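Work through the exercises below with the sequence and the model in view. Each task is followed by its solution.

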Amino acid sequence: MTAVVYPDFGAVASAAQLREVVGALLMTSLVVAVLVVVACAATWAIASGTGNVRVATRARVGVLVACGVALLAGAGSAIVNFLLQVGATI
């Protein structure tokens with residue numbers, strides 16, 4: 001006997017509104033991450049040009065972190081769908 005366990009998204013009374021809120025949060029995080037990448041890249045370029053190593057290093061870290069956040073936010077739905085598919089086969 002094999003029992004299939006999967007999440008019941010219809011159990012939440014306002015699942016459609018929840019999906020809209022999550023979608024809006026993902027979009028907001030992507031927009032903010034892109035703005036941070038642009039700002040940090042500009043700061044990195046200016047600091048490197050003026051010879052300010054400390055600010056250039058911090059701006060470079062900011063670019064890398066913002067790219068990571070944008071990658072995770074963009075791939076968030078794909079990761080969740082993958083995990084749901086894997087969970088259904090276990």
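The protein has 3 helices and 0 strands, where helices (H or I, at least four residues) and strands (E, at least two) are DSSP runs numbered from the N terminus. The model is predicted: local features need pLDDT of at least 70, side-chain atom pairs count only at pLDDT 80 or more, and totals for chains, interfaces and linings use all residues. Residues are numbered from 1 along each chain as its sequence is written, and side-chain values use heavy atoms, with hydrogens and water left out.

**Exercise 1. Describe the overall fold and its surface.**

Step 1. Along the sequence the pattern reads α-α-α.

Step 2. Of the 90 residues, 12% count as buried; buried means under 20% relative accessible area, exposed over 50%, and partly exposed in between (1.4 Å probe, protein chains only).

Step 3. The protein exposes about 6,900 Å², and carbon and sulfur atoms supply 73% of that area. Accessible areas come from the Shrake-Rupley method with a 1.4 Å probe; for residues, only the protein chains shown count as cover.

Step 4. Take contacts (heavy atoms within 4.5 Å) between residues at least 6 apart in sequence: 52% of them join residues at least 24 apart. A pair separated by 25 residues in sequence is V38 and V63, whose C-alpha atoms are 8.0 Å apart. V38 is found in helix α1 (residues 15–50) and is exposed, because its relative accessible area is 54%.

**Exercise 2. Find which residues make the nonpolar surface patch, and which helix gives the largest share.**

Step 1. Patches are made of residues with over 30% relative accessible area and no salt bridge; like charges are joined within 9 Å, nonpolar side chains (Val, Leu, Ile, Met, Phe, Trp, Tyr) within 5 Å. A salt bridge is a side-chain nitrogen of Lys or Arg within 4 Å of a carboxyl oxygen of Asp or Glu.

Step 2. L72, I79, F82, L83 and V86 make a nonpolar patch of about 480 Å².

Step 3. Helix α3 (residues 76–89) gives the largest share, 4 residues.

Step 4. L83 lies in helix α3 and counts as exposed because its relative accessibility is 52%.
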